[in-house]
Amino acid sequence: MPEFHPGNWVDSAVDWLQKHLGWLFDFINSVLTGLYDAINGVLGGAEPLLLAGIFAVLAFWLRGLVAAVVTFAGFALIDSFELWTEAMQTLSLVLAAAVITIVIAVPLGIWAARSKSFSTFMRPVLDVMQTMPAFVYLIPGVMFFSVGTTPGLLATIVFSMPPGVRMTELGIRQVDGELVEAAEAFGTSPKHTLTRVQFPLALPTIMAGINQVIMLALSMVVIAGMAGAPGLGERVYAAVTQVQVGLGVESGIGVVILAMYLDRMTGALNARVSPLGRRAAAKATAALGRMKFVRYKPGTAVAMVGVVVLALIAGGMNFAGGDDDKATASTNVGKGEKVNMGYIPWDEGIATSYLWKEMLEQRGYKPNLKQLDAGPLYSGIAQGDVDFQTDAWLPTTHQQYWDKYHSKLEKLGDWYGPTSLELSVPSYVKGVKSLEDLKGQGKKFKGKIIGIESSAGEMKILKDKVLKDYGLEGEYKVVSSSTSSMLAELKRSIQKKEPVVVTLWSPHWAYNAYDLTKLDDPKGSFGKGEKLYNVANKDFSKKNPTVANWLKNFHLTEKQLTSLENEIQKAGQGKEQDAVRTWLKDHPGFVDKYAPVPGGDKKDGKDAGKAVKMGYFPWDEAIATTYLWQNILEDRGYKPTTKQLDPGPLYTSLAQGQMDFQTDAWLPTTHEQYWKKYKSRLTDVGAWYGPTSLELSTPKYVKGIDSMEDLKGKGDKFDHKITGIESSAGEMKILKSVLKEYGLDKEYKVVSSSTSSMLAEVDKSVKQKKPVLATTWSPHWVYSKYPMKKIKDPKGAWGKGDEIRITAKKDFKKDFPELYGWLKNFKMSEKDLGSLEAEIQKGGKGNEKESVRTWMDSRPGLVDKLAPVK
């Protein structure tokens, strides 16, 4: 038989739908999320016990006093488990899914009851919907809508819809045909026959279907939790993957209480809304005689008054309560901004995620932390529903996800490394020191290697490469489980002194807790050690530059990481953030170091109050660094002023002592003429960037022009023109000799203008796809903004690259000793300089100082680094 893979068609269809129907998925996502948020806003906003009272009043109205007491006790128990928020999130999911399902299912059931052909069509569709494993629905859900509420809601709706359709159809079909014929005989229209005869008589069966819809929806909460939906399902999923028995039991009891309440209430609702139900309830009450007070239920008006009173009290208490904000006014950087974080349930991922959750809360953010498997996590980050995660193992373990999503992701620096992947055995297992020693000893280990999550890159490497390289295929089976299950199996085996092989990695607290042997990998099949990266959505740095910069500067030593993991292990299940707080108390200053407050480094320097005169000429790096130092000096209490001048007047002013310093001296070439003339009256403070380069450049679409030699005979293409910058610039003087060197001086005319005019000409030419030759230099943001290529200089006519130096007046060190020390140690990378220049370009002319301040605020601690004050 030829191979047949319909899954490939499905993959192609998903890709096509993502590209062409994105607007539709966004609309569906908005509707579903909006409905959930609205319901959860009502349920989650009230005081728990008062809302429990409302539920009890509803139970009293529907089933009587005993049901009311049991209801209140059940919801009070959920609150005592500290699972109230999660329970209300789950209830919101169930209600949102049930509302949408009922709105769709009941009309479909009516249609099926009145049309045999439609009923025949729907039967296999409903069979597929109900028998298809619910996990399958999550795959397209996550692909189309990323992780979160929507995929879980969609899976719940699809899974719970069949009983709603079938019971509606059944109820209407079971209505006595003679009654329908009688109604039709009396001239009743088909519409009124349905609404006044069939539907009321079928209502008990339809209500039973609605009850089943709600029950099936509730049964889906765990699967919804796997897709990142909030609530008890998320807690149950965490308990399963981390083998947290206590948390699993408590969360499970919460689900049971919700299920019992919804089942009993929807069942009793039939007695209130159905004529047949009301008649049956009245008969049952009358049969009790004098004991009928036992089944007393308040009237609808009385129950509504109770619900309204409790709701008003709950709403008032919530309004008066306000928010509990950890951040003080001085540290409230986030101002309530939400940050979505995801993590894989690996120890270092749990530790660093809860660490950052606590740090962000202390800085005034509202972080939302969600546990996910690796696949959904990377998908969620790529689609922007998760902002960042801290546990990306690259370049090996998570390489498959990086390859798939790297265009939509951004690395925010590595915080630990190198790591190592390995198999380990207890040290009492003799004769097994290397992976080679496992061959032929499969019976000792029952032919099993205990693995972790099947989505982990280590598992893929183990199955695809390690077993093959060491000839262990067929002898050993890799058992996929979870990190916590693997650790539980390791602990159980050690307690029984049984042989066991597990997948592990370093660093890991297991090596401190147990006496283990790392199996040598002489063939290097596991690959080289990795680094642990913070990975974010590609737009996160733009959206939240402050947090992005904190993450870029974050680092943990092995001692810090293992001590944090151990603290979390000691604290126990569900107490991760409490453990982080305890750890931070033992590491004072950690939060201030890795999440510094923007502007928190404003301190007066020793020479605060002194006036400092700064000069610059209008080159981008000069503008950027001049306004940078103006802001820094103001933060240190100085009184800086800036003045724009051409290079000649600026160097003259420095030599005469009318200016104190400037940051953009290109030496030894570009500004050589000025340095030779005034060097005896200047101070060379030091270089902060280099080497630079001078060059001509042209757009990449201009083919055949890659070298200065290629320009010969091509003058017509460029109108015999080279667009230059200021005539006083040293580059313009050097350009004349460069043209002579290549025999181009008579073919091309250099047009002196200004830097801004040259850039305007480049912008116009690129937009029109016209050839242009421009004098440029590196570093410069023109290469990032436009498709420009540097024209090579094989003869080295431009000379060697310059350094960008700070030059000052002769007595500068004497007059400003503190500032002299700061400037002497000043350095800037090409990346930082480019981003600063880009921020200034974005801010526009006249807003340079404010733009630089924005850039600085995204790099807290920068002032302390560049201008330290003891």
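**Close-up 1. Lysine charges over aromatic rings.** In this predicted model, Lys795 puts its charged end over the ring of Tyr742, 4.9 Å from the ring centre. Lys610 lies over the face of Phe816, at 5.4 Å from the centre of that ring. (A charge sits over a ring when NZ of Lys or CZ of Arg is within 6 Å of the ring centre and within 35 degrees of the ring normal.) Local features need pLDDT of at least 70 and side-chain atom pairs count only at pLDDT 80 or more, while totals for chains, interfaces and linings use all residues. Residues are numbered from 1 along each chain as its sequence is written, and side-chain values use heavy atoms, with hydrogens and water left out.

**Close-up 2. Aromatic pairs.** The structure holds 30 aromatic pairs. (Rings of Phe, Tyr and Trp, the last by its six-membered ring, pair if their centres lie within 6.5 Å; planes under 30 degrees apart count as stacked, over 60 as edge-to-face and the rest as tilted.) Take Phe55 and Tyr261: ring centres 5.7 Å apart and planes at 55°, so this pair is tilted. It links distant parts of the chain, with Phe55 in helix H3 (residues 48-62) and Tyr261 in helix H13 (residues 245-273), 206 residues apart. (Helices, H or I of at least four residues, and strands, E of at least two, are DSSP runs numbered from the N terminus.) Both Phe55 and Tyr261 are buried, meaning under 20% relative accessible area, with exposed over 50% and partly exposed in between (1.4 Å probe, protein chains only). Phe75 and Trp84 have ring centres 6.0 Å apart and planes at 70°, so they go down as edge-to-face. Phe75 and Trp84 are buried too.

**Close-up 3. A cluster of rings.** Ring pairs tie Trp356, Trp415, Tyr416, Phe554, Trp583, Phe590 and Tyr594 into a cluster.

**Close-up 4. Helix H16 against helix H24.** The axes of H16 (residues 347-362) and H24 (residues 558-571) come within 9 Å and cross at roughly 90°. That makes H16 roughly perpendicular to H24. (Axes are lines fitted to C-alpha atoms, for helices over the stretch in contact, and angles run from 0 to 180 degrees between N-to-C directions; under 35 degrees is roughly parallel, over 145 roughly antiparallel, 65 to 115 roughly perpendicular and the rest oblique.) Asp347, Glu348, Ala351 and Leu355 in H16 meet Leu561, Leu564, Glu565, Ile568 and Gln569 in H24, where contact means heavy atoms within 4.5 Å. These residues split into 5 nonpolar, 1 polar and 3 charged. (Ala, Val, Leu, Ile, Met, Phe, Trp, Tyr, Cys and Pro count as nonpolar, Asp, Glu, Lys and Arg as charged, and the others, Gly among them, as polar.) Thr562, also in H24, is buried at a relative accessible area of 12%.

**Close-up 5. Helix H2 against helix H8.** Here H2 (residues 22-44) and H8 (residues 149-173) have axes that come within 9 Å and cross at roughly 90°. The two are therefore roughly perpendicular to each other. H2 brings Asn29, Leu32, Thr33 and Tyr36 to the contact, and H8 brings Thr149, Thr150, Leu153, Leu154 and Ile157. By class, that gives 5 nonpolar, 4 polar and no charged residues.

**Close-up 6. Ser765 and its neighbours.** Ser765 is in helix H31 (residues 755-767) and counts as buried at 4% relative accessibility. Leaving out residues up to four places away in sequence, Ser765 touches Tyr701, Lys770, Pro771 and Val772.
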